Amino acid sequence: MPSQIDQGPLYLGFDLSTQQLKAIVITSSLKVLYEAKVDFDADLSKYGIKKGVNVNEAEREVYAPVAMWLEAVDLVLQRLKEKGTPFQRIKGISGAGQQHGSVYWSKAGEKILGDLNPRDTLIDQLEKKAFAHPNSPNWQDASTQKECDAFDAALGSPEKLAQVTGSKAHHRFTGPQIMRFHKKYPDIYRATSRITLVSSFLASVFLGKIAVFDISDVCGMNLWDINAGAWCEPLLTLAAGEDGLDSLKQKLGEVREDGGGSLGNISSYFVSRYNFAPDCGIAPFTGDNPATILALPLRPLDAIVSLGTSTTFLMSTPKYLPDPAYHFFNHPTTAGLYMFMLCYKNGGLAREKVRDNLPKPTSSDSWSNFNEAALSTPPLGQKSPSDPAKLGLYFPLPEIVPNVRAGTWRYTCASDGSDLQVSEKKWGAEAEARIIVESQILSLRLRSHNLTHKPSPDLPPQPRRIYLVGGGSLNPAIARIIGDVLGGTEGVWKLDVGGNACALGGAYKAVWAMERNKGESFEDLIGERWKESEAVEKVDEGYRKDVFERYGNVLKAFEEMEGDVLAGEERNL
Ligand code: XUL
């Protein structure tokens, strides 16, 4: 009998991220068969981008050319074709887009999209006429401080905005971006027929018509009322300025509640040009962070720590407890669940700075001295319980969580968290290797502990499993300290697909979207097919009672230290 690998249906997942477009093709049983990618700097440098974006420093704008993404779509499909991908077997497509970015379509664009000629490329047909504006603001853009102030004030306070939309105002969020776009280019705003996110932009290209927003990615706009499940009209009105609520409502269109099913069949352009089956379904695409939590059957109480240039912490949770310090989104597949996210600017780079103060290792592992120092330093730098516990904040870049300027701060406290004091002396690079990692993870513990509960009556609240993705997930010392500080009753695990988690999450979403039985959840369907031994590896045992308690005892002091640093910011204003 021919195997499913040779015969069965296939699913395609994309990840349109800042620097690359990745594609992964998998079977119904989640086996990865084909992969391809386009790297914008390496393959499409003619757009003049660096690390995938253009920067206008004077206005703190960061943006990407939409034409580059279109060119990347044809290129990545071409690369999959060269690897022998049988496109006609692909039954469903989904994917992820970098969050918050927006694409401004013209009226003509909608029409051309539905009428593409398979003999010409996407870029030849769409670049000139399909967009009211050639660029998409990127999540690293910081040009919208005024607009954020207006958003934070619009409903009364940042707390209220977070309550309604899941986040306080952020520079990168689409609502403040649209508000600035409207002010800066009023005529282009008026010539814009539809606005999509990056996720719905990519879905639109495959669908051959403008795709609706996804229920999770829409929460990255500061425009969606999560509890009401509707646009927050006062915020739309604010963003649309004198053009008024209806102008923006029309440009945004609908939001689909169901993360599964099909938005429609693939556009005939791809059927004729690449030999896709005409009934290949396009499932809703989502944001890259929501797609990351779909790269495995994440259960409530499990957490993902993404250790890249920045650090993100993701959890799926039934609790909606918004706060200006973090983000809540609707879960991308499962109604009644939410995605909790912390997004730090300082992560890998801050650790590298501490590493570079240590002697250079003679071995090829540039982290070996850092790791040795981190593991040979006792928790909180205390040789005995009567020693002061060391707490620090290491932010070479201005930080979002908490919102403070760049700087390094060192404090000490007693083992029970009392007697917090500024430390006048530095502690030396050896001790700091541990303290910086502890500090990054204490911040995660502080902000996530309200979302966790006791996994069993005899255990304190903490995550169940902690999954690590991104470059830092390869570092055993970091895994160990994460286990020390955050616990994890079922241990700390490393996800093998590391850097490809979003594209894989997109492909899993396509499988679930097309193959689910009535009422079957993503977690159930993927959970049944997912082979743990092939996908993840346990890298630390996680919860250890004594050390977990020691960190718990200083958590309040850590919070107090942040408060003191924040108060210092106000004093310095
Ligand atoms: C999340 C965020 C980034 C981008 C990266 O709020 O801005 O993680 O989604 O692509």
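# Close-up views of a predicted model

**View 1. An aromatic pair formed by Y320 and F328.** Both Y320 and F328 are buried in this structure, which is a predicted model. The structure holds 26 aromatic pairs in total. In the pair shown here, the ring centres of Y320 and F328 lie 5.4 Å apart and the ring planes meet at 70 degrees, so the arrangement is edge-to-face, given that an angle over 60 degrees places a pair in that class. Elsewhere, ring pairs link F14, F87, F206, Y269, F270, Y274 and F276 into a cluster.

**View 2. The largest nonpolar core and the surroundings of W231.** In soluble globular proteins, nonpolar side chains tend to be buried together. The largest nonpolar core in this model comprises 123 residues, and the residues with the most contacts inside it are W231, L252 and L391. Helix α17, which spans residues 429-448, supplies the largest share of this core, with 9 residues. Apart from this core lies another one of 55 residues, among them F87, I123, A130 and I266. When neighbours within four places in sequence are left aside, W231 is in contact with F213, V218, M221, L223, W224, D225, L236, L252, G253 and V255, a list that includes L252, itself one of the residues with the most contacts inside the largest core.

View 3. Strand β1, made of residues 10-16, is mostly covered, with 7 of its 7 residues buried. In a regular strand the side chains alternate between the two faces of the sheet. In β1, L10, L12, F14 and L16 point one way, whereas Y11, G13 and D15 point the other way, and all of these are buried. Strand β1 runs parallel to β6 (residues 90-97), to which it is joined by 7 bridges, and within this pairing L10 has I90 of β6 as its bridge partner. Strand β1 is also joined by 7 bridges to β2 (residues 20-27), in this case in the antiparallel sense, with L12 standing opposite V25 of β2.

View 4. Three strands form an open sheet in the order β20-β21-β22, with antiparallel pairing. The edge strands are β20 (389-395) and β22 (421-422), each of which pairs on one side only. Strand β21, covering residues 407-413, pairs with β22 over 2 bridges, and T412 has Q421 of β22 as its bridge partner. The loop between β20 and β21 contains P402, and the peptide bond that joins V401 and P402 is cis, with omega at about -5 degrees.

View 5. Most residues other than glycine have a negative phi, and most peptide bonds are trans.

**View 6. The setting of Y467 in strand β23.** Y467 is found in strand β23, which covers residues 466-469, and counts as buried because its relative accessibility is 3%. Leaving aside neighbours within four places in sequence, Y467 is in contact with L296, L298, D302, A303, I304, V305, W493, W530 and V536. Although Y467 and L314 are 153 residues apart in sequence, their C-alpha atoms are 9.7 Å apart in space.

**View 7. Two arginines placed over tryptophan rings.** R355 lies over the face of W367, at 4.6 Å from the ring centre. In the second example, R516 lies over the face of W512, at 4.8 Å from the ring centre.

**View 8. The annotated span of residues 139-239.** An unreviewed UniProt entry carries the annotation "domain: Carbohydrate kinase FGGY N-terminal" for residues 139-239. In the model, the end C-alpha atoms of residues 139-239 lie 18 Å apart, and the span is 51% helix and 12% strand.

How values were computed
Residues are numbered from 1 along each chain as its sequence is written. This is a predicted model: local features need pLDDT of at least 70, side-chain atom pairs count only at pLDDT 80 or more; totals for chains, interfaces and linings use all residues. Side-chain values use heavy atoms; hydrogens and water are left out. A nonpolar core is a set of buried Ala, Val, Leu, Ile, Met, Phe, Trp, Tyr and Cys residues joined through side-chain atoms within 4.5 Å. Buried means under 20% relative accessible area, exposed over 50%, partly exposed in between (1.4 Å probe, protein chains only). Helices (H or I, at least four residues) and strands (E, at least two) are DSSP runs, numbered from the N terminus. Contact means heavy atoms within 4.5 Å. Two strands pair if DSSP finds at least two bridges between them. Rings of Phe, Tyr and Trp (its six-membered ring) pair if their centres lie within 6.5 Å; planes under 30 degrees apart count as stacked, over 60 as edge-to-face and the rest as tilted. A charge sits over a ring if NZ of Lys or CZ of Arg is within 6 Å of the ring centre and within 35 degrees of the ring normal. UniProt positions are given in the numbering used here, feature names are shortened, and annotations may be inferred rather than shown by experiment.
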